[in-house]
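Thanks for coming, everyone. I have one structure to walk through today.

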Amino acid sequence: MNMNTKRHLVSIALLSALSVTSLNALADSPKAYGRLDIALTNADHGFTTQNKKEGTVLENNLSRLGVKGSEKINDDFKLVYQMEVQVNGATNEGSDKTFSARSTYLGVVSDAGTLLVGRNDTVMKSSKGTVEAFALTNAAYSRMIAGQDRKADGMTYYSPTIAGLFTINGTYLMDDNYEGSDETQYALSVVAGDKKLKKSRYYLAAAYNTIGGVDAYRGVGHIKMGKFKLGGLYQHSESQSFEQKEGDSYFVALAYNLNGVNLKVEYGKDKAGFGKYFKYNSAVASSTDYKQATDVDINRLVVGADYKLSKSTMLQAHYAMYDGEYQIDNAGTTIDLEDDNVATVGVRFNF
């Protein structure tokens, strides 16, 4: 074997080694992911639709693109990160604003827990687990209650599991980044069990929130019994600006897996008036009405189903019915809210 041949073989070996190294590097590189979620919706008034349009419309159910990953710093610490944006391009709203902000943070994981800095769901929001039967649709909890916030300029902490049972978590928003707020803004939660009901048959959570001008506390319970899942959420909310605006809200949800078809029904009652159905209802003629509303009484019933065509593709449908009433400053005169009926079918594709 001559010298040129040996050099050629050595070069091939080196290139092969570099290729393997590169592939390993790629395996540890950031993971790109995304979701396309498009729905066809018919609404009497559109108070709860994503684009607040009535009639028959297409909705973008928070489609998104993101990248996330981790990097080991040493034996004690690991860096974690995520950058995610909502993609609005499928609907007219995207013509003016193609992208909007979603969870984007940099953090560290250690034996003492996880600390994330940036934009993230508050621990009040995440305390709901998966009890919300129609999350990420026009029938999500935010249509009825406050506390479903994703906030920037904040820090989120998740403790390690304590005594093998529960975690203690917190969100703190930097005061000087929120100069318009006179209140220290934070949220706390205690969580036990598995929110996906896979590692355990139950999920329990309690949370407190003083963010976005609302003081609120909630309790959540979720249990799996064979093919049934039964869950509920209770919340009390109070305005930090108008002491008469306060009230209780609750949801009860039942799901049943029928040969792969996930049948769902959820009833909700709101007596606080912080949700989008109330805020955007045409009967609430001004922002003063919204802020000073009392004796709110809103009912919502949603029935629906979803079915996975594959690991990445899901069909979903639901029908939601809303009605309610309220007063202004306990004046004694009841004002009826306009009813809304919303029918939706959609496709969700994850990649």
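First, the ground rules. This is a predicted model: local features need pLDDT of at least 70, side-chain atom pairs count only at pLDDT 80 or more, and totals for chains, interfaces and linings use all residues. Residues are numbered from 1 along each chain as its sequence is written, and side-chain values use heavy atoms, with hydrogens and water left out.

Now the overall picture. The protein chain has four helices and 18 strands. Those are DSSP runs, numbered from the N terminus: helices are H or I with at least four residues, strands are E with at least two. Along the principal axes, the C-alpha atoms fill a box of roughly 100 × 45 × 40 Å.

How many of the 351 residues are buried? The figure is 40%. Buried means under 20% relative accessible area, exposed means over 50%, and partly exposed is in between, with a 1.4 Å probe and protein chains only.

The surface comes next. The protein chain exposes about 18,400 Å², and carbon and sulfur atoms supply 57% of that. These areas come from the Shrake-Rupley method with a 1.4 Å probe; for residues, only the protein chains shown count as cover.

Contacts, meaning heavy atoms within 4.5 Å. Take the pairs at least 6 apart in sequence: 55% of those contacts join residues at least 24 apart.

On to the strands. Two strands pair if DSSP finds at least two bridges between them. Strand β3, residues 64-72, pairs with strand β4, residues 78-87, in the antiparallel sense over nine bridges. The two form a hairpin with five residues between them. Look at Gly69: its bridge partner in β4 is Tyr81. β4 also pairs with strand β5, residues 99-110, antiparallel, over nine bridges. There, Gln86 stands opposite Ser100 in β5.

Now Thr137. Find it in the loop between α2 (123-126) and β7 (150-158). Is Thr137 buried or exposed? It counts as buried, because its relative accessibility is 5%. What does Thr137 touch? Leaving out residues up to four places away in sequence, the list is Gln50, Asn61, Arg143, Gln316 and His318.

Next, some backbone angles. Most residues other than glycine have a negative phi. Leu197 is not a glycine, yet its phi is positive, about 60 degrees. Leu197 sits in the loop between β9 (186-193) and β10 (202-211). Leu197 is buried, because its relative accessible area is 3%. Asp295 also has a positive phi, near 50 degrees. Asp295 is in strand β15, residues 293-308. At 42% relative accessibility, Asp295 counts as partly exposed.

Last stop, Tyr256. Which strand holds Tyr256? That is β13, residues 246-258. Tyr256 counts as partly exposed, because its relative accessibility is 27%. Setting aside neighbours within four places in sequence, Tyr256 is in contact with Lys227, Phe228, Val261, Asn262 and Leu263. Now compare Tyr256 with Gly346. The two are 90 residues apart in sequence and 20 Å apart in space, C-alpha to C-alpha.

That's the tour. Over to you.
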